[in-house]
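Subject: Structure for your review

Dear colleague,

Please find below the structure that I am handing over to you. My findings follow it, grouped by topic.

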2 protein chains.
Amino acid sequence: MKRIKLVVAYDGTNYCGWQAQPNAVTIEGVLNEALSQLLGEEICVIGASRTDSGVHSLGNVAVFDTGTRIPPEKICYALNQRLPEDIVVQDSSEVPLQFHPRKCYSEKTYEYRILNRKIPVPTLRRHTYFYYRSLDVSRMQQGASYLVGRHDFKSFCSVKTQAEDTVRKILSCSVEKSAEDVVTIRITGTGFLYNMVRIIAGTLISVGIGEIQPQAVAQILEQKNRRAAGPTAPPEGLIMMKINFHKNS
Amino acid sequence: MKRIKLVVAYDGTNYCGWQAQPNAVTIEGVLNEALSQLLGEEICVIGASRTDSGVHSLGNVAVFDTGTRIPPEKICYALNQRLPEDIVVQDSSEVPLQFHPRKCYSEKTYEYRILNRKIPVPTLRRHTYFYYRSLDVSRMQQGASYLVGRHDFKSFCSVKTQAEDTVRKILSCSVEKSAEDVVTIRITGTGFLYNMVRIIAGTLISVGIGEIQPQAVAQILEQKNRRAAGPTAPPEGLIMMKINFHKNS
C-alpha cells in the first residue's frame, strides 16, 4: 500500500465545486470515479482545498492510497486519459503514508482575477470576474497591506463556517493590473477560512472604488464581524494557484 | 442613412466561423439577427476578417448601414444586450459611407498562442493550441524574421484559396514565451491569405522542434508551393487581435 499525491488543475465552470456530493458533478467525484476505474480498487481522495462551485485550480492537491503497481509518476498520464478535458492532473508522486494535505503545514497561494474595463472580453469571461467600475490599484494595494500577518479573520469568513478558531496567517497579498486590464489579487497564507479569499477580494474591490478607505481594512479585522467587510466576490475570478508543503511535515 | 463600424470580440469555440451560412451558427449570422431585431431593419454586416471555425477575436471589424436614430456610440451597449456572452461588441462609431473594411488600407494583427508544456492546462484549453514537444523560441524568432517584408506567400496559403495575387506584406512577426508556458507568435500585415497565419504558425512550430531549419523559411517562400511549408496549425490558437485603418482611406 502506498500514498500518492496528485496536483490537480481544473476549469471549475461546469462543476459543483470540489467536494463529492450525491446528485452533483464535482471534481472529487470525477477523480474518485476515474481513479477507481483505472486502479480497479475503490478510491477516495483527500483534497487540500475544497474549492467552491465555479472556482478554478492550477495546483490543488489530493492524496489517496493504492496497492497499484503502476509507477507513481506515471499515474497522472494514465489518469488524464480517463478524465474530461476540464480536469487535468499535472503531477503524481509517492508521499509518506502519514502525509495528510489538510493536516500538515502548507502555504497556499490563490489569485483573484478581475477584468476591469467598460466592456467584457468574451475569451476571458470564464476565468475573470468582470467589473465595470474603475478600480484604483494603489488604494487596493494599501488596503491589502493590512491583511498581511497573523490576524483573526472572522470578518472575512462566511457565517456558514464551522471553524471555531478564525485566526489565520497571511504571508503576502499583492494587487497588480496587467496590460489586458486584469487586476490580480495574489494571496499566500498558511490557511484560509470558508470564502475568505472571495470576501477579501470583495472588500478590496470596495476599497478600489472608494467605498471603503484603505486604512479601514485594519478596523474591519478588529470588528470580527462578517458584516463589517465587503461582499463575497463571485467564484469565476478565483483560482487555487499552488500549495507548498514543507518537508518533515 | 449612415454607416456604422463595430469592433467585435468573440470566443469562436462554438461558432462555424465568421461568414453567414445556411444551417450553421456563425458570428456574422448572429450579428445580423441581433442588429436586425434591435434596429427594425434588415441588416447585413460586412466583416474585415472572415475568421475560420473555432478562431477567436478581440478586435475584428464589421460595418453596416442603418437609418436608426440611436447614437452611433450607444449601439454597442444596446446590441450587447441581445448578443450571447461569447460575442461582445467593444465599440461602435460612425464612418464615411464609402468606408469598406476589406477594400481600404489596413494593418491587421493576429496572435497564434501555443501552450508548450508536457501537460495541458484546463483553463487555457479553449484559447491556446496545446503542443507537447519543446519549442526552441530563438529558432522560431530567426525563422519568423524571413517572413517580414513583401513576399509571394503562395507557400503559406491554403490550396483552396481563390486569390490570384498571393503577394502580401508582413510588417512584423515576433515570437515570445510567457511565464505561463505560452509561446505567442504575433504577426502584423496589410493583408493575409486563406489560412496564412495558421500555416505560418505550423511552419514556425516545425522550425521550433528542429524539423525545418530557420533559414529554410526563405526557401519555402521561394518555392511558392503549399507543400513546402509546415502543417496548418489548429484554429483554437488563433486570435484576430486588432485592425488599424489609416485615415483618408
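What is the area buried between chain A and chain B, and what percentage of it do carbon and sulfur atoms give? In this predicted model, the buried area is about 2000 Å², and carbon and sulfur atoms give 60% of it. On the side of chain A, A:Ile119, A:Thr123 and A:Arg125 supply 30% of the area that this chain buries against chain B, more than any other three residues.

The interface

Counted by contacts, 25 residues of chain A meet 25 residues of chain B. Eight residue pairs are in polar contact across the interface of the two chains. Within chain A, the elements that give two or more residues to the side touching chain B are strand S1 (2–10), strand S3 (56–66), helix H2 (75–80) and strand S4 (87–95). Of these, S4(A) gives the most, with four residues. By residue type, the side of chain A that touches chain B divides into 12 nonpolar, five polar and eight charged residues.

Relation of the two copies

Chain A can be laid on chain B by a turn of 180° with a shift of 0.0 Å along the axis, and the RMSD is then 0.0 Å. The two copies are therefore related as by a two-fold rotation axis. Moreover, 100% of the interface residues of chain A are also interface residues in chain B, so the copies meet through the same surface.

Salt bridges between the chains

Side chains of opposite charge can pair when their charged atoms come close. How many salt bridges are there between chain A and chain B? The count is six, while the count over all chains comes to 18.

One of the salt bridges joins B:Arg125 to A:Asp11, with the closest N and O atoms 3.2 Å apart. This pair crosses between chains: B:Arg125 is in the loop between strand S5 (106–116) and strand S6 (129–131) of chain B, and A:Asp11 is in the loop between S1 and helix H1 (27–39) of chain A. Both B:Arg125 and A:Asp11 are buried.

Another salt bridge is formed by A:Glu180 with B:Arg113, where the closest N and O atoms are 3.9 Å apart.

Salt bridges within a chain

In chain A, A:Arg198 forms a salt bridge with A:Asp52, the closest N and O atoms being 3.3 Å apart. A:Arg198 counts as buried, because its relative accessibility is 12% and the cut-off for buried is under 20%.

In chain B, B:Arg3 forms a salt bridge with B:Asp65, and their closest N and O atoms are 2.8 Å apart. B:Arg3 belongs to strand S1 (residues 2–10) and B:Asp65 to strand S3 (residues 56–66) of chain B, so the pair ties together parts that are 62 residues apart in sequence. Is each of these two residues buried or partly exposed? B:Arg3 counts as buried, at 12% relative accessibility, whereas B:Asp65 is partly exposed, with a relative accessible area of 29%.

With kind regards

Terms used. Residues numbered from 1 in each chain as written. Chains lettered and ligands numbered in written order. Predicted model: local features only at pLDDT ≥ 70, side-chain atom pairs only at ≥ 80, totals over all residues. Heavy atoms only, no water. Contact = heavy atoms within 4.5 Å. Buried area = accessible area lost by both parts, 1.4 Å probe. Salt bridge = Lys/Arg side-chain N within 4 Å of Asp/Glu carboxyl O. Polar contact = N/O pair within 3.5 Å; in protein donor to acceptor, adjacent residues only side chain to side chain. Nonpolar A, V, L, I, M, F, W, Y, C, P; charged D, E, K, R; others polar. Least-squares fit on C-alpha atoms with pLDDT ≥ 70 in both. Buried < 20%, exposed > 50% of the residue type's maximum accessible area, 1.4 Å probe, protein only.
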